[in-house]
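Morning, everyone. I have one structure to walk through today. Please have the viewer open.

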Amino acid sequence: MRSPARSTRRFGSQVLQLMHDTGHAMFMLLEAAYFMRYAFSKRSRTETATQMFTTGIKSLAVITVVALFTGMILALQTGLELRRYGQEVYIGSAVAVSMIREMGPFMTGLIIAASVGSAIAAQIGTMTVSEEIAALEVMSINPNRFLVMPRLVALIVMMPLLTVYTNILGILGGALVGATQLGVSVQAYMDNATQFATNKDLYVGLFKAGVFGIVITAVSCHQGFMTTEGAVGVGRATRRAVIISFLIILVLGYVITRLFYI
Amino acid sequence: MNKYRREVSIEILVGLFMFTVLITLGVFTIVLSSEKIWKESYQYEFVFSEISGLREGDNVYVRGLNVGRVKQTDLEEGHVRVYVTLDAPLYLRQGYIIDVVDSSMLGGKKLKIYEGPDGAPELGESMTILGAKPVDMIEELARVIGGFQAVIDAVNSGKGTLGKLLKDETIHKNMATISEDLMRIMDRIESGEGSLGQLLVADDGQLYADGKIFMANLRIISQNLADGKGTLGKMMFSSVDDNSYDDLQTTLANIRSITQSINEGEGTLGRLVRDAKLYDETTLLIEDVRAAVDDLREASPITSFGSVLFGAF
């Protein structure tokens, strides 16, 4: 059984570690943001483009399926309830507003955190345990500029774009369910969808997506740099990167909604 | 070379993706803002005392047709100015009405424009267009409930017919008396008193049996009629070649001819009816016959006795 003094010391140590991690992640992020002006320089352009390709184009397949079915599920669930009152025509607005405000950025954030964030943590973690990061520093190559900055640019740019894609596919998925299952014509669905959703909803959603991109980059890169203990450590860093990203996305999603709508 | 081509193709793909999504985002923005870029639009200002929650982006309807949206709402000294963008020009006439109404049961508002009666003079372009004060459904509902409450209070305080019915002791007593009388009548009927009671209680099923027999007889009669049995049946259902109808018509014609002759005093019966002298003589004759019959009746026992007496010898 642990003594109270030992538990307190352990708790204090964890708090200090948390502060250290947050501070490290913030400095890393700020430094990467500072180097963003070199994102499309001759040295960094290829890496930035590759990261954008990995984040954007390679995620399209999984995002297509997830977005389409998210919209379909939203339409079906909402439509079945609205049908009781003969108001199923309102599924257009329900799906469009839900997708644009919350589900689009949220689903995109989760997919990118799980696929791209985990890959970033694993790659940088492997480089850390194999001392490639140390070698970069020896060669006076700043790892934040060389590794973090292209990923940060890629995620900040691609997350909102992927969110637009998710929104559109989700709304189309809802239209598909509305037309085939609920007897709501595509025209009526679209009229209703555009009637209630506003540009504010769209751009607040895109802002959220950008913030989620920054969070995923910061968490994943930081976990990669903090990796120790070889291959086991890489697995642990990957898992922690995904979990922490999920949690922060959830909390920030609420905070941003609260900030703009209440 | 291959590495260079790969890098270029990655950049092209990323650029293409970004370009496509940005164009889509632009279109999306235009669609959500409900702006019709290529179509001419018409701007109008309406002044309301209040707008009851009308917001930017709410629809504007003219004769039930969605023709535009509310672009802006400004709070000014003593009123609210509403700016709308319409797809078609608006021709307001005297007597126009511009209302803020509920867009659905679920909420939301819309602007409803009635242009004014046909033939009324058109408004000048420089005139300020005034909107009607919106009807607040919740306030209206509260007013209706208030009205109901007043009625209930009046009833509770015994005012009016309904109040008196509920509160007046005399009416209650009268009702109780009527109820008692009805109960008494029902008891008497149940115990078989009076005609109704006997009919309902003391009959022991005889009324039902009689009714059943009566109905059976009616059925037999109607069946016989339908089968053409009897005189009436033959008259009603016999075929044309049966000559009954012709016979009946001939008979009726004969009767009419006879009655006509009698009326005109022709023949014995006609003279009897028309000739007063003959009537008197006939009366005298009948009186004589009656006297003769009486004499005969009186003489009959004597004649019988004589016959028996002289018959023995």
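Confidence, then. This is a predicted model, so keep that in mind throughout. The predictor gives the complex an ipTM of 0.74 and a pTM of 0.61. Chain B has a mean pLDDT of 79. In that chain, 86% of the residues reach 70 or more. Where is confidence lowest in chain B? In helix α5 of chain B, residues 194-202, with a mean of 69. The highest value in chain B belongs to β4(B), at 90.

Now chain A. How many helices and strands does chain A have? Nine helices and zero strands. Chain A has 262 residues, and 46% of them count as buried. Look at contacts in chain A with a separation of 6 or more. Of those, 87% are between residues 24 or more positions apart.

Here is one helix pair in chain A. Helix α4(A), residues 91-129, packs against α6(A). The angle is about 145 degrees, and the axes are 7 Å apart. The crossing of α4(A) and α6(A) is right-handed. By class, the residues of this contact are 15 nonpolar, nine polar and one charged.

Next, a single residue. A:Asp21 sits in helix α1 of chain A, residues 4-34. Why does A:Asp21 count as partly exposed? Because 15 other C-beta atoms lie within 10 Å, while buried needs 20 or more and exposed needs 12 or fewer. Leave aside the neighbours within four places in sequence. A:Asp21 is then in contact with A:His222 and A:Met226. Take A:Met226. A:Asp21 and A:Met226 are 205 residues apart in sequence. In space, C-alpha to C-alpha, the two are 8.6 Å apart.

On to the interface. 16 residues of chain A are in contact with 17 residues of chain B. Which helices of chain A each supply at least two residues to that side? They are α2 (45-57), α6 (143-181) and α8 (199-225) of chain A. The largest share comes from α2(A), with seven residues. By class, the chain A side has 10 nonpolar and six polar residues. Charged residues on that side: none.

Now the sheet in chain B. Seven strands of chain B form an open sheet with mixed pairing. The order is β5-β6-β2-β3-β4-β1-β7. The edges are β5 (97-102) and β7 (129-130) of chain B, and each pairs on one side only.

Strand β6 of chain B, residues 109-114, runs parallel to β2(B), with three bridges between them. There, B:Tyr61 has B:Lys112 in β6(B) as its bridge partner.

Strand β2(B), residues 59-62, is joined to β3(B) by four bridges, and the two run antiparallel. B:Asn59 has B:Arg69 in β3(B) as its bridge partner. The hairpin of β2(B) and β3(B) has two residues between the strands. In that hairpin, B:Arg63 takes a positive phi near 50 degrees.

Then β3(B), residues 65-76, and β4(B), residues 79-86. Eight bridges join these two antiparallel strands. B:Arg69, the partner of B:Asn59, stands opposite B:Thr85 in β4(B). B:Gly68 stands opposite B:Leu86 in β4(B). This pair also forms a hairpin with two residues between the strands. B:Gly78 in the turn has a positive phi of about 80 degrees.

Last pairing: β1(B), residues 42-48, with β4(B). Seven bridges join them, and they run antiparallel. B:Tyr42 has B:Leu86 in β4(B) as its bridge partner.

I'm happy to take questions.

Note on methods: Residues numbered from 1 in each chain as written. Chains lettered and ligands numbered in written order. Predicted model: local features only at pLDDT ≥ 70, side-chain atom pairs only at ≥ 80, totals over all residues. Pairing = 2+ DSSP bridges. Contact = placed C-beta atoms within 7 Å. Nonpolar A, V, L, I, M, F, W, Y, C, P; charged D, E, K, R; others polar. Axes fitted to C-alpha atoms, helices over the stretch in contact; angles between N-to-C directions. Left-handed = near helix turned anticlockwise from the far one by under 90°. pLDDT = per-residue confidence, 0-100.
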